[in-house]
Amino acid sequence: MITDKDPASHRRVDLDRAEALRLLGSVSLGRVVFTRQALPTVRPVNHVLDGGDIVIRTQEGAALTSQARQAESPGVVVAYEADAIDPDTHLGWSVVVTGYAQVVTDVDELARIRGLLQPWAALPGMDHAVRIHPDLVTGILLTARGDAPQAC
């Protein structure tokens, strides 16, 4: 008997860039992946899409903030992942963005971002922001076999 939990009953659909970014913008939490001491590091963060870029709030001294601040233009390479996958059926979607992260330094832009995005963790000093410009965007939709692909 095939159930929704049976991987044989699932179908994977590749998403185009526009749909992947639309889905990423429909959730507020994701994971940023960057290199720290030559090793991959993953941090859960909240985000907002702003002008096609992913923006996250950070604090002074955070590893990502420090790396992005030290990087030459166009920034430091990062990956960003967000998803909405049902824990029971294992159906949903996942989006991965690879791009360059830069610390937001313009005072007016930073003030605008602070109004758009409140930090999800109440840590002191969350006064900084990092903007990730998506260069490579991939996404998949996990749907039940026989279901027509549909927007989540």
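A residue is called buried when its relative accessible area is under 20%, exposed when that area is over 50%, and partly exposed in between, as computed with a 1.4 Å probe on protein chains only. The views below show a predicted model, in which local features need pLDDT of at least 70 and side-chain atom pairs count only at pLDDT 80 or more, whereas totals for chains, interfaces and linings use all residues. Residues are numbered from 1 along each chain as its sequence is written, and side-chain values use heavy atoms, with hydrogens and water left out.

View A. A salt bridge is counted where a side-chain nitrogen of Lys or Arg lies within 4 Å of a carboxyl oxygen of Asp or Glu. Arg131 forms one with Asp50, the closest N and O atoms being 2.6 Å apart. That pair links distant parts of the chain, since Asp50 belongs to strand S3 (residues 39-50) and Arg131 to strand S7 (residues 128-144), 81 residues apart; strands (E, at least two residues) and helices (H or I, at least four residues) are DSSP runs numbered from the N terminus. Asp50, like Arg131, is buried. Arg131 also forms a salt bridge with Asp53, for which the closest N and O atoms are 3.3 Å apart, and this pair again links distant parts of the chain, with Asp53 in strand S4 (residues 53-58) and Arg131 in strand S7, 78 residues apart.

View B. Asp50, Asp53, Glu109, Arg112 and Arg131 are linked in a network of salt bridges, and the count for the model comes to eight salt bridges. Another salt bridge joins Arg12 and Asp14, with the closest N and O atoms 3.3 Å apart, and both of these residues are exposed.

**View C. The largest nonpolar core.** A nonpolar core is a set of buried Ala, Val, Leu, Ile, Met, Phe, Trp, Tyr and Cys residues joined through side-chain atoms within 4.5 Å. The largest one has 27 residues, of which Val32, Ile56, Leu64, Val78, Tyr80, Val97 and Ile132 touch the most other members. Strand S6 (92-103) is among the elements that each supply at least two residues, and the largest share, five residues, comes from S6.

**View D. The surroundings of Val32.** With contact taken as heavy atoms within 4.5 Å, and not counting residues up to four places away in sequence, Val32 touches residues including Thr41, Arg43, Ile56, Leu64, Tyr80 and Ile132.
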